[in-house]
Amino acid sequence: MPVFFENRDMVTPGDLLAEGDFMAGRNTYKIDSKIYACKLGLVEYKGKTVNVVALNTFYIPSVGDLVVGKIVEINLHGWTVDINSPYLATLRASEAINKPYKPQKDELSEILDIGDIIMAKVIAFDRTRDPLLTIREPGLGKITRGQIIKVSPAKIPRIIGRKGSMINILKKETHCNITVGQNGLIHIYGRNPEDEHIAILAVKKIELEAHTSGLTDRITEMISKERGDG
Amino acid sequence: MSKKIQLVDENGIRTDGRRPKELRPIKLEIGVLSNADGSAYIEQGKNKILAAVYGPREVHPRHLALPDRAILRCRYHMAPFSVQERKSPAPSRREVELSKVIREALEPAIFLELTPRTSIDLFIEVLQADGGTRTAGVTVASLALADAGIPMRDLVAACAAGKADGYIVLDLNDIEDKEGTADVPVAYMPSLNAVGLLQMDGQLTPEEFEEAFNLALEGCKKIYELQKKALKEKYLAIKESVEEAVEEK
């Protein structure tokens, strides 16, 4: 059962990762007993499973994910939302208001209009139909303050860190509220624009250097340096 | 009748100074366009080609979407200034055909079934042409797809071989393509040992064809190594600069 790379080696699509009694994990595929990579990324051997941590991906919705989206269309019974994914999401009117929805009475554009940014949660998705969203939970709904930045969805786990270690440091050091959407859109809201600016710089740095080690220390260092300059 | 041009001289050297079984110098780069989801650029000899990938994304017009897989749409286009005589920017018969063969060379490499009802749009823009643009187009397009994070079975490398002045030669340039006896473009996925494109233009004996085909496969394997290196380079450069900065402290 040979493996052909070391942990955290960079691999490209088509690279033969392992042969024999292994299971194909994320971003890999199996032909007979051979496991190949299907994306550019870092290989990860975990017991019998072979994963590739991709360096760039697009967002595929999954139930329970927190996402940031933009209203692009108002329909009869709800809204169409761009969630930075290959699929446009639907937000039903009944998932946005707390009383029964009456099309003849309720004006949807007064609740959410085209161009509004929302924080939402995915409640259903199976690839045959567009994902469904909800904003009927605390913390969800229209975003009225702060800034939104876009990163590759592949870097989201790195920005959150192991058990939220990275994101907690960011929140503490920059004094900002940071909400990370799984779709690669991040909402940053601080007490003043300077704090937000530092947080954005830090997130951009994490995105750029996601595949390097010792990143947490460098981020802390960078933030304190930026603070000193400002 | 025009005067016969000598393509390979008595020392076995070709018009651009190469030996018969030598590739042109290749430069590859990924992530060159910030607005595309994935992009790549190739310089192969005097060829200069840009590729951009958008998607997977919503299909417009909607009726083209397939319920069980994504569609790959490909546009091969030559810039008006890419050749000696100005080329009309409207898509010619040749460009429509090349768009199709490039699409069909890449389709088997992509896991289209993972994103049903979407489209992956691929644009190949030839900025300067010097023979072998369809193969260079495939090479650069597969890099752009990988850069976009689209799941692929393998990278596709492509290269042509042919016959000029009685020699079987690798990677024909424009003059060898036009004045030579035959041209065999091949697109190949080395890890899977699968051929995605095989064409022949001109006349070859079965033995010569086999020799040219095998030579083209060898060329593809060399290009494949360059592709892998180019993909990793962008990220390794960042890693190195970070590590240097750490060491300085």
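1. Read along the sequence, the pattern of chain B is β-β-β-β-α-β-α-β-β-α-β-β-β-α, with 4 helices and 10 strands. Helices (H or I, at least four residues) and strands (E, at least two) are DSSP runs that are numbered from the N terminus.

2. The model is predicted, so that local features need pLDDT of at least 70 and side-chain atom pairs count only at pLDDT 80 or more, while totals for chains, interfaces and linings use all residues. Residues are numbered from 1 along each chain as its sequence is written, and chains are lettered from A and ligands numbered from 1 in the order in which they are written.

3. On the overall form of chain B, a compact globule of 249 residues would have a radius of gyration near 18 Å, and the 19 Å of chain B agrees with this; the radius is taken over C-alpha atoms, and the globule rule is 2.2 Å times the number of residues to the power 0.38. Taken along the principal axes, the C-alpha atoms of chain B fill a box of roughly 60 × 55 × 40 Å. Buried residues account for 46% of the 249 residues in chain B, where a residue is buried if 20 or more other C-beta atoms, placed from the backbone, lie within 10 Å of its own, exposed if 12 or fewer, and partly exposed in between. Of the contacts in chain B between residues at least 6 apart in sequence, 71% join residues at least 24 apart, a contact being a pair of residues whose C-beta atoms, placed from the backbone, lie within 7 Å.

4. At the interface, 27 residues of chain B are in contact with 24 residues of chain A. On the side of chain B that touches chain A, at least two residues each are supplied by strand 3 (47–58), helix 2 (133–147) and helix 4 (206–248) of chain B, and the largest share, 8 residues, comes from helix 4 of chain B. The residues of this side of chain B divide into 14 nonpolar, 5 polar and 8 charged, where Ala, Val, Leu, Ile, Met, Phe, Trp, Tyr, Cys and Pro count as nonpolar, Asp, Glu, Lys and Arg as charged, and the others, Gly among them, as polar.

5. Turning to chain A, the division is into domain 1 (10–54), domain 2 (66–142) and domain 3 (147–229), with bounds that come from an automatic or database domain assignment. The C-alpha centres of domain 1 and domain 2 of chain A lie 37 Å apart.

6. Chain A contains an open sheet of 3 strands in the order 14-16-15, with antiparallel pairing; two strands pair if DSSP finds at least two bridges between them. Strand 14 (147–150) and strand 15 (176–180) of chain A are the edge strands, each pairing on one side only, and neighbouring strands of this sheet are turned by 25 degrees against each other on average, direction ignored. Strand 15 of chain A is joined by 5 bridges to strand 16 (residues 185–190) of chain A, and the two run antiparallel; A:Val180 stands opposite A:Ile186 in strand 16 of chain A.

7. Two helices deserve a check against this sheet. Helix 3 (residues 165–174) of chain A packs on the sheet, touching strand 15 and strand 16 of chain A, and its direction makes about 155 degrees with that of strand 15 of chain A. Helix 4 (residues 193–208) of chain A also packs on the sheet, touching strand 14, strand 15 and strand 16 of chain A, at about 150 degrees to the direction of strand 16 of chain A. For these angles, axes are lines fitted to C-alpha atoms, for helices over the stretch in contact, and values run from 0 to 180 degrees between N-to-C directions.

8. A:Cys176 lies in strand 15 of chain A and counts as buried because it has 23 C-beta neighbours inside 10 Å. Not counting residues up to four places away in sequence, A:Cys176 touches A:Lys171, A:Ile188, A:Tyr189, A:Gly190, A:Asp195, A:Glu196 and A:Ala199.

9. Finally, some backbone details: most residues other than glycine have a negative phi, and most peptide bonds are trans. The peptide bond from B:Gly55 to B:Pro56 is cis, with omega near 0 degrees, and B:Pro56 is found in strand 3 of chain B. A:Asn27, although not a glycine, has a positive phi of about 55 degrees; A:Asn27 is buried, with 23 other C-beta atoms within 10 Å.
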